Amino acid sequence: MKKRFLLLAAALALGLLAGCGGEKAPGPSAASSQLETSSPAGQGTAAALGSLASFSAATLDGSGFSQDNVKARDVTVVNFWSTTCPPCIAELPDLAEFSKALPDNVQVITVCLDGYGNEQTVANIVQQTGFDGAVLLAGDGDLLALSRNLMYTPTTVFADSNGQLIGDPIIGAQKDLPASFLAAVNQVLAAGGKDAVSLTGQ
């Protein structure tokens, strides 16, 4: 298991060489156009990145995370970030508040792409930004494949309880994160025939 996690950490470190996207791309890039043409009908461009149907991962708190945790909720919001990406860190407080305002059938997790071996740095950032959800550091299976397909950080994808990615990935920091992310969450729920949710206090 440790060897597989090391392989993921190395793959993710290479992926970070693409840099981080501080703002959402103004239009479709060559990569996003490629995704669009290869996506299953109705699922959006995120489906071309992969899925989270089968994987296991090491977490910052040592508890572990897998497809079973995804199956336990109607929607899993997965935010990919790195410790060297200022826009990623800047949006973590908004992500933390968004997570706390969600109903129990929706969860928010993050994947720190350069977190394996940098656990103390990750812990400091997470504590300072107030995020208290699961923080994945390394993994295998579908998580490894999905991570290799990412081009920018932060990137956020939205998975149903089967681990299928629905809708489009959200790339770059968002001016109104709660509105953007809630719309994506409700798209996943609608695709599964489930009722839309709202944020508590709204």
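Residues are called buried at under 20% relative accessible area, exposed at over 50%, and partly exposed in between, with a 1.4 Å probe and protein chains only. Helices (H or I, at least four residues) and strands (E, at least two) are DSSP runs, numbered from the N terminus. The model is predicted: local features need pLDDT of at least 70, side-chain atom pairs count only at pLDDT 80 or more, and totals for chains, interfaces and linings use all residues. Residues are numbered from 1 along each chain as its sequence is written, and side-chain values use heavy atoms, with hydrogens and water left out.

Helix H6 spans residues 141-149, and its buried residues are Leu-143, Leu-144, Leu-146 and Ser-147. These residues lie on the same side of H6, because they cover an arc of only 165° around the axis. The arc is taken from the directions that run from the helix axis to the C-beta atoms.

Helix H5 was examined in the same way. Val-122, Ile-125, Val-126 and Thr-129 are buried in H5. Seen down the axis, the buried residues of H5 fall within an arc of 95°, so they line one face of the helix. The face turned away from that buried side carries the exposed residues Gln-120, Gln-127 and Gln-128. The buried residues of H5 pack against E3, H4, E4 and E5; contact here means heavy atoms within 4.5 Å. Just after H5, Gly-130 takes a positive phi of about 85°.

Seven strands form an open sheet with mixed pairing, in the order E2-E1-E5-E4-E3-E6-E7. Strand E2 (65-66) and strand E7 (170-171) stand at the edges with a single partner strand each, so one side of each lacks a neighbour in the sheet. Two strands count as paired if DSSP finds at least two bridges between them. Strand E1 (residues 56-59) runs antiparallel to E5, and three bridges join them. Ala-57 stands opposite Gly-139 in E5.

E4 pairs with strands on both sides. E3 and E4 are parallel over seven bridges. In that pairing, Thr-76 stands opposite Gln-107 in E4. The chain passes from E3 through H4 to E4 in a right-handed β-α-β crossover. A crossover is right-handed if, with the strands pointing away from the viewer, the path from the first strand over the helix to the second runs clockwise. E4 and E5 are also parallel, over two bridges. Val-135 in E5 is the bridge partner of Thr-110. The crossover from E4 through H5 to E5 is again β-α-β and right-handed.

E4 is mostly covered, with seven of its seven residues buried. Val-106, Val-108, Thr-110 and Cys-112 point one way from E4, while Gln-107, Ile-109 and Val-111 point the other way.

Nonpolar packing was searched next. In soluble globular proteins, nonpolar side chains tend to be buried together. A nonpolar core is a set of buried Ala, Val, Leu, Ile, Met, Phe, Trp, Tyr and Cys residues joined through side-chain atoms within 4.5 Å. The largest such core has 32 residues, and those with the most contacts inside it are Val-77, Trp-81, Phe-98, Phe-158, Phe-181 and Val-185. Strand E3 (75-81), helix H4 (86-100), strand E4 (106-112), helix H5 (119-129), strand E5 (135-139) and helix H7 (177-191) each supply at least two residues of this core. H7 gives the most, with seven residues. A second, separate core of 19 residues includes Ala-57, Phe-80, Leu-136 and Leu-143.

Leu-177 is placed in helix H7. Leu-177 counts as buried, at 1% relative accessibility. Not counting residues up to four places away in sequence, Leu-177 touches Glu-91, Asp-94, Leu-95 and Phe-98. Leu-177 and Phe-98 are 79 residues apart along the chain, and their C-alpha atoms are separated by 7.9 Å.

The cysteines complete the account. A disulfide is a pair of cysteine sulfur atoms within 2.5 Å. A search of the whole structure finds one disulfide. This disulfide joins Cys-85 to Cys-88, with an S to S distance of 2.4 Å. The link of Cys-85 and Cys-88 is right-handed, with 80° about the S-S bond. Cys-85 is buried at a relative accessible area of 0%, and Cys-88 is buried at 0%. Cys-112 is in no disulfide, and the nearest cysteine sulfur, that of Cys-88, is 8.7 Å away. Cys-112 also counts as buried, at 0% relative accessibility.
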